[in-house]
Amino acid sequence: MKQLIYRSQPFGFDKAMLAGILMSARRNNPRDDITGALICRHDLYLQLIEGPAAAIDALYARIAEDDRHNDVRLLLTEEVEERMFPDWAMLDDEPRSLFWSPEEIAAGALEAAGPRGLRAAFARLQRPGPGRPKPGPSLSLVE
């Protein structure tokens with residue numbers, strides 16, 4: 001099982017655009033046995049994807065070529081024993097889980113965070129909390 005975390009800068013981010021991308025992509029991750037989570041806000045997509053190595057590599061290649069993403073940067077890729085988000089085709093979260101400010105991100109905080117710090121951002125999404133949706137049909141950023 002491969003786990004990959006990348007960051008990118010949204011091109012033309014707004015809620016309607018994001019909802020359209022997510023809606024049209026709903027079918028892809030379950031089809032390819034991919035799970036994960038996305039933290040999104042106006043200045044950042046931070047996404048963890050996990051699944052079979054070939055499927056993860058193919059999805060990341062599509063993301064890197066997608067013109068809705070600027071400055072795509074691979075932050076972490078490694079083999080893992082188990083999924084962080086086994087019940088989610090793609091859990092999406094707007095900034096309540098991200099603890100880095102836009103200024104810190106611009107200064108390189110994500111690149112400096114290392115595997116432990118990056119996973120900590122996503123570990124927050126695993127915890128139930130007010131307003132946290134239950135697992136179910138979910139979404140990915142690439143059609």
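Reader: Leaving aside its neighbours within four places in sequence, which residues is F85 in contact with?

Author: F85 is in contact with T35, G36, A37, L48, E50, L91, F122, L125 and Q126. The word contact here means heavy atoms within 4.5 Å. You are looking at a predicted model, in which local features need pLDDT of at least 70 and side-chain atom pairs count only at pLDDT 80 or more, while totals for chains, interfaces and linings use all residues. Residues are numbered from 1 along each chain as its sequence is written, and side-chain values use heavy atoms, with hydrogens and water left out.

Reader: Which residues touch the most other members of the largest nonpolar core?

Author: That core has 20 residues, and I5, L46, F85, W100, L110 and F122 touch the most other members. A set is called a nonpolar core because it consists of buried Ala, Val, Leu, Ile, Met, Phe, Trp, Tyr and Cys residues joined through side-chain atoms within 4.5 Å. Two or more of its residues come from each of β2 (35-41), β3 (44-51), β4 (69-79) and α5 (109-126). The most come from α5, with six. There is also a second, separate core of 15 residues, and L4, L18, L59 and Y60 are among them.

Reader: How do you know how many helices and strands the protein chain has?

Author: They are DSSP runs, numbered from the N terminus: a helix is H or I over at least four residues, and a strand is E over at least two. The protein chain comes to five helices and five strands, and their order along the sequence is β-α-α-β-β-α-β-β-α-α.

Reader: What makes R83 count as buried?

Author: Its relative accessibility is 16%. Buried means under 20% relative accessible area, exposed over 50%, and partly exposed in between (1.4 Å probe, protein chains only). The value of R83 is under that cut-off, so R83 counts as buried. R83 is in the loop between β4 and β5 (91-93).

Reader: Why is the pair R83 and T35 called a polar contact?

Author: A polar contact is a pair of N or O atoms within 3.5 Å; within protein, one must be able to donate a hydrogen and the other to accept it, and residues adjacent in sequence count only if both atoms are side-chain atoms. The side chains of R83 and T35 are joined at 2.9 Å, so the pair meets the distance limit. A polar atom of the R83 side chain also lies 3.3 Å from the backbone oxygen of E50.

Reader: And what makes D33 buried, partly exposed or exposed?

Author: D33 has 43% relative accessibility, so it falls in the middle class and is partly exposed. D33 sits in the loop between α2 and β2, and its phi is near 60°, a positive value in a residue other than glycine.

Reader: How do you know where the buried residues of α3 fall, seen down its axis?

Author: Helix α3 (residues 53-65) has A55, I56, L59, Y60 and I63 as buried residues. Seen down the axis, they fall within an arc of 130° (taken from the directions from the helix axis to the C-beta atoms), so they line one face of the helix. Their cover includes β1 (2-10), α2 (28-31), β3 and β4. The face turned away from the buried side carries the exposed residues A54 and E65.

Reader: How much of the protein chain is buried?

Author: Of its 143 residues, 47% are buried.
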